[in-house]
Amino acid sequence: MNKLFTVAALTAGLLIQSTVFAGANSNNTVSVGTANASGAFHDARNNSGSTERISCYLGAYVSTIGNTVTNNYISCSATAANGASYYCYVYSPPETWVQLVAALNESSWIYFYGDSAHHCQGLNSSQDSSNL
Amino acid sequence: MSKSILITVSLACGVVFGAGIDRYVMLDSRTVAPAIANVTEVRTGGITPPVQPQQTKATTATLDSSQMRAMLREELGTALTAALAGVSGNASTSKPAIAAPTTAAPPKQQQEALLAASEIISSGQWGEQERNSFHQKLGTLDPEMREQAMQRLVQAIDSGTLKSPNGGPPLL
């Protein structure tokens, strides 16, 4: 009877496993250039080694308590597996950038670039199941 | 009796497993396109950014693309709604503001803030506490002084005199 349960459990496990690891999967490691960087959050977190990292930060503040208009700050940082890093920042970014950064999640891939003084000039992102 | 049960169950498992393999083979034989791809591009001009590289490999799938779309649509919708609520200036948000007014503070307060920001840079520490404190100080500065302080910070990071502990992001 125990064997019966074992066989049934193994079979069930195999069936469940196929639903867990499903779909296309992209490999997007963190890549850093002289004034740009890109990578997917999920891959950066799960790749071997502890160096790789990519992040964006959104800060919002009001001029006085009770004010309903925010002033915003965005910065994005990336460090590749070899330790190279690039980052950029912007105060009072376009509203579309605020929305873009706010929408980033585990399935996100992001590319950002700027100048040598680290002012952000562009942010691109994609949300894709294959990034997971 | 128990033998007959065992044989029956084994046969059933075999059929189910066989059906699974059959499905795997069918899926593997066709191209599996990414279930969803929602690309957003926002830039101020100048450089043409690359599109996301697609080094895609097909694996087994039991969720079809419409199910995946529905799930991610729901997730992204929730995240976007929450995020937009968070940045809309609602005073009830749980996280404290990291910086202060754009309306510049009195000159004396600005000088003190600039000095405090410089001291943070000189300390060589760039942990979470220092970052938050730095941004809070910057909030009291007028845009020109704020940019000045930010560039000092950037130079300190680039020169290696200011490092994030535990491999944290260079800037926050």
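Reader: Which residues are exposed on the other side of α4(B)?
Author: In this predicted model, helix α4 of chain B covers residues 128-138, and its buried residues are Arg131(B), Phe134(B), His135(B), Lys137(B) and Leu138(B). Seen down the axis of α4(B), these buried residues fall within an arc of 160°, so they line one face of the helix. An α-helix has 3.6 residues a turn, so residues three or four places apart point the same way. On the other side of α4(B), the exposed residues are Glu128(B) and Gln129(B).

Reader: How many of the residues of strand β5 of chain A are buried?
Author: In a regular strand the side chains alternate between the two faces of the sheet. Both faces of β5(A) are covered, with Thr70(A), Asn72(A), Ile74(A), Cys76(A) and Ala78(A) buried on one side, and Asn71(A), Tyr73(A), Ser75(A), Ser77(A) and Thr79(A) buried on the other. Strand β5(A), residues 70-79, is therefore largely enclosed by the rest of the structure, the buried count being 10 of the 10 residues.

Reader: Which residue takes a positive phi in the hairpin of β5(A) and β6(A)?
Author: Strand β6 of chain A, residues 85-91, runs antiparallel to β5(A) and is joined to it by seven bridges. Within this pairing, Ile74(A) stands opposite Val90(A) in β6(A). The hairpin has five residues between the strands, and the residue with a positive phi, near 95°, is Gly83(A).

Reader: Which residues does Val101(A) touch, not counting residues up to four places away in sequence?
Author: In soluble globular proteins, nonpolar side chains tend to be buried together. The largest nonpolar core here has 50 residues, and those with the most contacts inside it are Ile74(A), Cys76(A), Val101(A), Ile110(A) and Phe112(A). With residues up to four places away in sequence set aside, Val101(A) touches Cys56(A), Leu58(A) and Ile74(A).

Key:
Residues are numbered from 1 along each chain as its sequence is written. Chains are lettered from A and ligands numbered from 1 in the order in which they are written. This is a predicted model: local features need pLDDT of at least 70, side-chain atom pairs count only at pLDDT 80 or more; totals for chains, interfaces and linings use all residues. A nonpolar core is a set of buried Ala, Val, Leu, Ile, Met, Phe, Trp, Tyr and Cys residues joined through C-beta atoms within 7 Å. A residue is buried if 20 or more other C-beta atoms lie within 10 Å of its own, exposed if 12 or fewer, and partly exposed in between; C-beta atoms are placed from the backbone. Two residues are in contact if their C-beta atoms, placed from the backbone, lie within 7 Å. Helices (H or I, at least four residues) and strands (E, at least two) are DSSP runs, numbered from the N terminus. The arc is that of the directions from the helix axis to the C-beta atoms. Two strands pair if DSSP finds at least two bridges between them.
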